[in-house]
Amino acid sequence: MEQINKKSNNVKITIIIPVYNCEKYLEQCLCSVLNQTIRDLEIICINDGSTDNSVSIINRYLKQDDRIILLNQKNQGPGKSRNLGIARAKGKYAAFIDADDYYLESDALEKMFSACEDNHVKAAGSLRKSLIDGVEKTERLFEDILQKKLQPDGDLEHENVGIITYEECQMDYDYQSFLFERKMLQDNQILFPDYRRFQDPPFLVKALHAAGTFAVVKAYLYCYRYSGVLSRFDTAKTADLLKGLTENLVFAQEHHLDILFENTVSRMEYEYAGVILRNISPGDLNILKLLLDANQIICTYYCDRNFVLRPLRMVLEDAASGIAAYENRLLQQIQKQEAVYIYGAGKLAKKFINYLRSKRLLEKISAVIVSDLNSNPGASAFETEGIALREVCDERIANKERLVLIVAGYIYYKDIIKSLTKNGFANYEALDYSFLEGL
């Protein structure tokens with residue numbers, strides 16, 4: 001049964017929420033939306049075939065607030081759910097939130113709406129946080145690009161709105177942190193592709209490219225509940241992941257978006273290499289073909305017929321046991337080094353240290369590097385292993401040609417690589433840590 005909002009006239013923002021078995025977090029999500037200070041909302045919840053108590057929770061809330069609309073469909077995935085929400089939306093602008101996430105500052109949407117209206121732009125972004133192991137952590141979304149926009153005596157603490165172009169940032173992640181003009185989406189036929197994974201980045205890329213210029217508001221709208229990446233994929237979803245990544249490669253190629261192209265290649269080579277290797281099986285020609293297709297696009301873009309994507313190279317070397325082959329190559333690589341650095345001091349780094357101890361290679365680690373010692377209070381434990389602990393900017397790190405193994409969550413890779421490059425490190429490799437999961 002579909003619930004209809006009788007007050008659908010003059011809706012400023014439609015908030016679209018796909019819901020699939022999210023009873024554990026749904027109330028927090030809905031409360032955070034209803035607490036927004038801008039009142040002219042409609043909240044479209046798309047029940048995507050839930051089998052838990054999610055629908056009962058939505059029904060209870062819609063009896064209390066007639067801005068909530070419930071649509072029901074058979075399970076088709078979040079992309080099709082959001083597209084249904086776009087089709088039924090009445091708001092001038094549209095925003096998206098996942099049912100297991102929540103909004104932070106209650107006036108954030110109001111500030112974003114005003115930024116669009118006052119600056120005559122068709123999209124607005126905001127700052128965000130991630131919930132990792134129960135702790136809200138601030139992300140660096142927009143920080144660098146906004147800093148360049150400030151007056152010489154300005155700073156992020158006093159600046160409320162920045163205006164930037166898509167060409168300046170060329171971002172592909174964090175679409176939930178944006179408000180989009182609905183007419184712009186409709187006029188450009190921008191929808192979520194029918195992928196079970198990585199359907200969000202192609203949508204965001206096309207939407208922001210169509211907007212051209214957008215506002216960034218100094219307000220924290222979104223909190224993303226981070227969960228492990230590898231466990232959310234199977235073979236079919238990995239194929240969809242590669243389709244989404246390839247879609248962004250093609251779009252970047254067609255529109256001369258070099259930053260987007262480079263970032264997408266990096267995601268394929270490092271962020272998702274472990275996912276690809278874990279979910280490819282002997283004789284799986286579909287994933288192999290998708291990798292080959294992506295590789296051909298990259299070869300053409302780089303004018304380098306010899307380029308081979310890192311996961312493709314690893315698959316071709318040993319398709320039947322890619323992870324094991326990677327582990328063996330990693331050990332051989334470390335053995336050949338005089339010494340290496342590890343970047344990261346969290347749970348993964350500690351697990352990797354224990355792994356190297358079991359392989360009798362611990363003496364190869366000359367230092368553990370972190371971005372900020374004050375933000376890593378547990379890092380001192382490495383010193384008990386006889387391993388030096390250094391900040392990335394520490395002048396005592398004399399040999400910056402030495403290999404740096406990045407041992408951290410995939411979501412941190414981009415910032416870590418930027419920090420290493422800024423501080424003069426050129427020889428680094430992101431660890432595909434999936435082989436550590438069973439340890």
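## Helices α1 and α2

Let's start with a helix pair: the axes of helix α1 (residues 26-34) and helix α2 (residues 54-64) come within 10 Å of each other and cross at roughly 25 degrees. Helix α1 is therefore roughly parallel to α2; angles under 35 degrees count as roughly parallel, over 145 as roughly antiparallel, 65 to 115 as roughly perpendicular, and the rest as oblique. Axes here are lines fitted to C-alpha atoms, for helices over the stretch in contact, and angles run from 0 to 180 degrees between N-to-C directions.

Contact means heavy atoms within 4.5 Å. By class, this contact divides into 7 nonpolar, 1 polar and 2 charged residues (Ala, Val, Leu, Ile, Met, Phe, Trp, Tyr, Cys and Pro count as nonpolar, Asp, Glu, Lys and Arg as charged, and the others, Gly among them, as polar).

## The model as a whole

This is a predicted model, in which local features need pLDDT of at least 70 and side-chain atom pairs count only at pLDDT 80 or more, while totals for chains, interfaces and linings use all residues. Residues are numbered from 1 along each chain as its sequence is written, and side-chain values use heavy atoms, with hydrogens and water left out.

The protein has 16 helices and 15 strands; helices (H or I, at least four residues) and strands (E, at least two) are DSSP runs, numbered from the N terminus. Of its 439 residues, 52% count as buried (under 20% relative accessible area, with exposed over 50% and partly exposed in between, using a 1.4 Å probe and protein chains only). Among the contacts with a separation of 6 or more, 78% come from residues 24 or more positions apart.

## Helices α10 and α12

A second pair is formed by helix α10 (residues 258-271) and helix α12 (residues 285-302), which pack at an angle of about 140 degrees with their axes 12 Å apart. The two helices are therefore oblique to each other, and α10 passes α12 in a left-handed crossing. Helix α10 contributes Asp 258, Phe 261, Glu 262, Val 265 and Met 268 to the contact, and α12 contributes Ala 294, Ile 297, Ile 298, Tyr 301 and Tyr 302. Sorted by class, the contact of α10 with α12 holds 8 nonpolar, no polar and 2 charged residues.

## A parallel five-stranded sheet

Now for an open sheet: 5 strands follow the order β13-β12-β11-β14-β15, and their pairing is parallel. The edge strands are β13 and β15 (428-430), each of which pairs on one side only. Neighbouring strands of this sheet are turned by 25 degrees against each other on average, direction ignored. Two strands pair if DSSP finds at least two bridges between them. Strands β11 and β12 are joined by 4 bridges, and Tyr 341 stands opposite Ala 367 in β12. Strand β14 (residues 404-406) is joined to β15 by 3 bridges, with Ala 430 in β15 as the bridge partner of Ile 406.

Helix α15 (residues 347-358) packs on the sheet, where it touches β11 (340-343), β12 (365-370) and β14, and its direction makes about 150 degrees with that of β11. Helix α16 (residues 413-422) lies across β11, β14 and β15, running at about 160 degrees to β14. What covers do the faces of β11 have? Both faces are covered: Val 340 and Ile 342 on one side, and Tyr 341 and Tyr 343 on the other, are all buried.

Leu 389 belongs to strand β13 (residues 388-391). With 8% relative accessibility, Leu 389 counts as buried. Leu 389 and Ala 345 are 44 residues apart in sequence and 9.3 Å apart in space, C-alpha to C-alpha.

Gln 170 has a phi near 50 degrees, a positive value in a residue other than glycine. Gln 170 sits in the loop between α6 (166-169) and β9 (178-181) and is buried, with a relative accessible area of 6%. Cys 303 also has a positive phi, near 55 degrees, and is likewise not a glycine. The place of Cys 303 is the loop between α12 and α13 (310-317), and at 73% relative accessibility Cys 303 counts as exposed.

Definitions and conventions:
A crossing is left-handed if the near helix is turned anticlockwise from the far one by less than a right angle, and right-handed if clockwise.
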